[in-house]
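Here are my notes on the model you sent over. Have it open while you read.

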Amino acid sequence: IGMLAGPSPLQLGPAGFANPVLEAQDVMDCRAAYLADPFMLKAAGQWHIVFEVLNLDSTKGEIGWATSEDAKTWTYRQIVLAESFHLSYPYLFEWNHEFYMIPESTGAGTLRLYKAFEFPVRWSLVGILLRGYFADPSIVRHNGKWWLFAETASGGQCNTLRLYWADDLLGPWQEHPRSPLIAGDPHIAQPAGRIVPVDGCLMRFAQDCYPDYGTAVRAFAISELTPTGY
């Protein structure tokens with residue numbers, strides 16, 4: 001895992017310290033092949049990262065955790081979530097002073113919401129939001145509603161982006177009438193991290209997955225986001 005820095009998500013460069021900040025060899029509680037999909041959050045004055053750890057023994061992705069006082073020097077702590085199926089892309093967020101995570105869980109055939117009952121070491125499943133194949137699910141709260149973007153073309157095609165919305169975090173969730181937002185384009189469909197406000201509008205990030213997965217990251221401004229318009 002490496003880090004860049006800059007005045008905005010659209011202006012990033014070297015952060016002034018050595019990369020990577022975390023490597024597979026830093027993992028102490030399992031034999032790790034690689035680390036991926038980091039999500040960072042600050043709580044009680046400390047920085048936290050959760051990320052995928054590919055466990056060589058279970059051959060599945062599990063969710064690891066590391067901390068930092070300055071967001072520069074990181075200390076690996078432990079695996080905080082493991083299931084009988086592969087987990088990745090642990091989309092971590094805070095809502096109403098509680099911490100939640102939506103990891104990718106395509107192997108389970110469900111989109112799963114976890115809540116921290118002891119942040120960040122003890123997580124429990126609190127809801128199945130949707131059923132089906134949802135890769136890199138990315139959620140954001142906007143104008144009093146919840147919005148969820150996910151890539152839905154199974155088989156590694158990475159070319160279809162769908163949008164869902166709900167009034168309540170636990171649902172019911174429904175597909176947006178403009179969904180799929182993108183079909184047949186592996187350059188701009190696969191989500192690539194947290195959706196954030198930039199210059200007065202929401203910005204979504206997408207992985208360019210052609211000719212190879214994760215070739216680049218692109219940014220797209222969302223100029224309209226309502227239950228009927230996108």
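1. First, the term: on a 1 Å grid over the protein atoms alone, a cavity is a set of points where a 1.4 Å probe fits but cannot get out, and lining residues have an atom within 4 Å of a point. The largest cavity here is lined by Ser138, Phe149, Leu161, Pro191, Gly193, Ile195, Arg204 and Phe205.

2. Before going on, a caveat: this is a predicted model, where local features need pLDDT of at least 70, side-chain atom pairs count only at pLDDT 80 or more, and totals for chains, interfaces and linings use all residues. Residues are numbered from 1 along each chain as its sequence is written, and side-chain values use heavy atoms, with hydrogens and water left out.

3. How many salt bridges (a side-chain nitrogen of Lys or Arg within 4 Å of a carboxyl oxygen of Asp or Glu) turn up? A search of the whole structure gives seven.

4. One of them joins Arg31 and Asp57, 2.9 Å from N to O. Both sit in loops, Arg31 between strands E2 and E3 and Asp57 between E4 and E5, so the pair ties together parts 26 residues apart in sequence. Strands here are DSSP runs of at least two residues, numbered from the N terminus.

5. Arg218 and Asp208 also pair up, with their closest N and O atoms 2.7 Å apart. Arg218 is in strand E19 and Asp208 in strand E18, so this bridge ties together parts 10 residues apart. Asp208 is buried at 4% relative accessibility, while Arg218 is partly exposed at 37% (buried is under 20% relative accessible area, exposed over 50%, partly exposed in between; 1.4 Å probe, protein chains only).

Definitions and conventions:
On a 1 Å grid over the protein atoms alone, a cavity is a set of points where a 1.4 Å probe fits but cannot get out, and a pocket is an open set with protein on both sides within 12 Å along at least five of seven lines; lining residues have an atom within 4 Å of a point. Helices (H or I, at least four residues) and strands (E, at least two) are DSSP runs, numbered from the N terminus.
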